[in-house]
Amino acid sequence: MSFSDIFKSSFLENVAAISILDMVLALALAFCVGLFIFFIYKKTYAGVMYSSSFGVTLVALTMITTLVILAVTSNVVLSLGMVGALSIVRFRTAIKEPLDIAFLFWAIAAGIVLAAGMIPLAVFGSVVIGLILWVFANKKDHTNPYIVVLQCDGQGSEKAATAFLKENTKRCVTKSKTVRKGLVELNLEIRLKEDNTEFINALTDINGVESAVLVSYNGDYMG
């Protein structure tokens with residue numbers, strides 16, 4: 001290697017490594033697939049607080065992955081450097097919903113497959129995954145667990161309220177019980193017989209029941 005080779009740059013040699021048509025086509029398809037992933041995420045979201053920024057992140061992540069893989073496939077040496085550069089990146093954002101991880105991997109996988117030129121696989125695979133998520137996420141299940149928070153003034157009203165719940169639900173299990181002077185607080189897990197919560201209104205009519213709160217519980221539980 002001569003002294004002049006040290007300052008020689010191959011930057012301009014990589015300008016035409018990927019044609020303009022390939023770049024436009026790949027990024028346009030990545031944008032369309034990312035929008036489809038965003039649409040499925042929005043329609044199937046079942047968490048507490050919907051985040052529109054996460055949906056936009058899915059679109060951007062699909063396009064960014066496509067951009068990176070296009071660069072990697074055009075140069076073997078660059079691919080080794082890219083692996084080293086990306087290995088130092090650390091993300092600290094917590095994933096609140098387990099299904100969000102699937103959408104992140106879906107966006108990354110779609111970007112990789114598109115950049116590799118496997119367009120039918122990326123489109124067909126995304127459609128199949130989207131339909132499966134749509135069907136399972138929109139399937140209504142009346143056996144979803146609920147939490148009932150009861151406040152009673154004594155043991156008599158506690159027994160009456162618990163017996164009433166067992167008669168009007170499929171399942172009623174006491175999860176926790178807090179006793180203070182003149183106050184008993186119960187947390188019970190119930191399963192509804194039907195999609196009807198009117199029985200909660202009747203709980204407050206029981207003598208000694210101070211309040212009754214019904215909370216939908218969508219998290220993991222031990223049954």
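**View 1. The buried residues of helix H5 in the predicted model.** In this predicted model, the residues of helix H5 that count as buried are Asp-100, Phe-103, Leu-104, Trp-106, Ala-107, Ala-110, Gly-111, Val-113, Leu-114 and Ala-115. The helix itself covers residues 98-115, which is 18 residues, and it reaches 27 Å from its first C-alpha to its last, close to the 26 Å expected at 1.5 Å a residue. Just after H5, the chain comes to Gly-117, whose phi is positive, at about 90°.

View 2. Thr-65 belongs to helix H3, which is formed by residues 52-74. Its relative accessibility is 10%, and because buried means under 20%, Thr-65 counts as buried. A polar atom of the side chain of Thr-65 lies 2.7 Å from the backbone oxygen of Leu-61. When its neighbours within four places in sequence are left aside, Thr-65 is in contact with Ile-108, Gly-111 and Ile-112, and of these residues Gly-111 is also one of the buried residues of H5.

**View 3. Thr-57, another threonine of helix H3.** Thr-57 is likewise found in helix H3, but with a relative accessible area of 37% this residue is partly exposed. The side chain of Thr-57 reaches the backbone oxygen of Ser-53 at 2.7 Å. Although Thr-57 and Ala-107 stand 50 residues apart along the chain, their C-alpha atoms are separated by 9.3 Å.

**View 4. The packing of helix H2 against helix H6.** Two packed helices are described by the angle between their axes together with the distance between those axes. Here the axes of helix H2 (residues 20-44) and helix H6 (residues 119-137) come within 9 Å and cross at roughly 5°. Angles under 35 degrees count as roughly parallel, and H2 and H6 are therefore roughly parallel to each other. On the H2 side, the contact is made by Leu-25, Leu-29, Val-33, Phe-36, Phe-39, Ile-40, Lys-43 and Thr-44, while H6 contributes Ile-119, Ser-126, Val-127, Gly-130, Leu-133, Trp-134 and Ala-137. Sorted by kind, the residues of this contact divide into 11 nonpolar, 3 polar and 1 charged.

**View 5. The protein chain as the setting for the close-ups.** The protein chain contains 8 helices and 4 strands, and from the N terminus on its elements run in the order α-α-α-α-α-α-β-α-β-β-α-β. Of the 223 residues in the protein chain, buried residues make up 29%. Among contacts between residues at least 6 apart in sequence, 70% join residues at least 24 apart.

Key: Residues are numbered from 1 along each chain as its sequence is written. This is a predicted model: local features need pLDDT of at least 70, side-chain atom pairs count only at pLDDT 80 or more; totals for chains, interfaces and linings use all residues. Side-chain values use heavy atoms; hydrogens and water are left out. Axes are lines fitted to C-alpha atoms, for helices over the stretch in contact, and angles run from 0 to 180 degrees between N-to-C directions. Helices (H or I, at least four residues) and strands (E, at least two) are DSSP runs, numbered from the N terminus. Angles under 35 degrees count as roughly parallel, over 145 as roughly antiparallel, 65 to 115 as roughly perpendicular and the rest as oblique. Contact means heavy atoms within 4.5 Å. Ala, Val, Leu, Ile, Met, Phe, Trp, Tyr, Cys and Pro count as nonpolar, Asp, Glu, Lys and Arg as charged, and the others, Gly among them, as polar. The expected span of a helix is 1.5 Å times one less than its number of residues. Buried means under 20% relative accessible area, exposed over 50%, partly exposed in between (1.4 Å probe, protein chains only). A polar contact is a pair of N or O atoms within 3.5 Å; within protein, one must be able to donate a hydrogen and the other to accept it, and residues adjacent in sequence count only if both atoms are side-chain atoms.
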